[in-house]
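This briefing concerns one protein chain and is arranged by topic for use beside the sequence and the coordinates.

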Amino acid sequence: MNMKKISIITLSLLLAGASAFAWSKKSENLGNLGRTYISISGAVNTAKYKALTGGTASPTGAQASAVINAPILKPSVNAFRDISWAGLDGNIFFNYDYSNSIDIAANSVKFNSYNVGAQLTPYLNFETGLPFLKAIKPFGLGYAGYEWASLDFNSISESDNYFVYGVGAGVEFVLLDEVSVTPIWKWNGNAKSGLAAYQEAGVEASYWVTDQFCVSVFWMHNLGREMPGSLDLRHSDVIGAKFKLGFLR
């Protein structure tokens, strides 16, 4: 299945998900968790690779993603109308990653990958009543999906696809009704033989300009991973922005 077909299917799923979950009710001290929204993001990825035979390279690549998030169980609403301290969100996602050219010695390598999947995010909801820290929301996450990857090595192309999955945790601090800060950690695994799992840690700051529109900036640090062949990723940093369209009614 080629990239065009995958993109059309993913866009259709994103639009269907937005329509299916647009029942979310407005509440105070909301932040991002417990909110229905579509998110589109773009970022640059500065990485450092090391060849097993010696030599390093530091290319600047790019990343993009699209997400539809929706509350499945929302504090004080519907099935959780008597529970104000917990909730559960679900989302579907599409991610794209481009490494740019990794030039070491006489070799040139490029990676491209994209994946689709779904994620569940259970969280606790502690409202403080303070004017400067509205709520604290510790959360966990688990996701599963499928990834398509391609490798260009000195103009020779190879491709593969495999199951991906991961878990993570973090805390959303709702500073004001419109502003939240969220540190997060993730462990990312896969079913590809020889492709190691990796960990990420980072933070996102979000500002809901209105109930319908949000701007976020984020940073994620990859702690490195062993890779098939003669390259290892020592570390990378992804810095970017997200634009979210909310559905609160």
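In the protein chain, 60% of the contacts with a separation of 6 or more are between residues 24 or more positions apart, a contact meaning heavy atoms within 4.5 Å. The model is predicted: local features need pLDDT of at least 70, side-chain atom pairs count only at pLDDT 80 or more, and totals for chains, interfaces and linings use all residues. Residues are numbered from 1 along each chain as its sequence is written, and side-chain values use heavy atoms, with hydrogens and water left out.

**Overall composition and confidence**

- Of the 249 residues in the protein chain, 43% are buried; buried means under 20% relative accessible area, exposed over 50%, and partly exposed in between, with a 1.4 Å probe and protein chains only.
- The accessible surface of the protein chain is about 12600 Å², and carbon and sulfur atoms account for 62% of that area; the areas come from the Shrake-Rupley method with a 1.4 Å probe, and for residues only the protein chains shown count as cover.
- The average pLDDT of the protein chain is 87, and 87% of the residues score at least 70; pLDDT is the predictor's confidence in each residue, from 0 to 100.
- Over residues 20–25, pLDDT stays under 50, and the model has 20 contacts beyond four places in sequence for this segment.
- Where pLDDT is low, predicted coordinates should not be read in detail.

**Nonpolar cores**

- The largest nonpolar core has 10 residues: Ala47, Tyr49, Ala51, Ala57, Ile102, Ile104, Val109, Met227, Leu231 and Leu233. Such a core is a set of buried Ala, Val, Leu, Ile, Met, Phe, Trp, Tyr and Cys residues joined through side-chain atoms within 4.5 Å.
- Strands E1 (37–51), E5 (102–104) and E14 (231–246) each give two or more residues to this core, and E1 gives the most, with three.
- Beyond its neighbours within four places in sequence, Ala47 contacts Ala57, Ser58, Pro59, Leu233, His235 and Ser236.
- Another core, apart from this one, has seven residues, including Leu33, Val67, Phe93 and Tyr143.

**Glu204 and its polar contacts**

- Glu204 is located in strand E11 (residues 198–208) and counts as buried because its relative accessibility is 14%.
- The side chain of Glu204 makes a polar contact of 2.9 Å with that of Lys244 and one of 3.1 Å with that of Ser206. A polar contact is a pair of N or O atoms within 3.5 Å; within protein, one must be able to donate a hydrogen and the other to accept it, and residues adjacent in sequence count only if both atoms are side-chain atoms.
- Leaving aside neighbours within four places in sequence, the contacts of Glu204 are Ser180, Val181, Thr182, Ser216, Val217, Phe218, Lys242 and Lys244.

- Ala64 belongs to strand E3 (residues 60–73) and, at 34% relative accessibility, counts as partly exposed.
- Ala64 and Ala241 are 177 residues apart along the chain, with their C-alpha atoms separated by 9.7 Å.
- Outside four places in sequence, Ala64 contacts Ser41, Gly42, Phe94, Asn95 and Tyr96.
- E3 pairs antiparallel with strand E4 (residues 86–98) over 11 bridges, and Ala66 has Phe94 in E4 as its bridge partner. Two strands pair if DSSP finds at least two bridges between them.
- E4 also runs antiparallel to strand E6 (residues 107–124), joined by 13 bridges; the bridge partner of Asn95 in E6 is Asn115.

Technical notes
Helix = DSSP H or I, 4+ residues; strand = E, 2+ residues; numbered from the N terminus.
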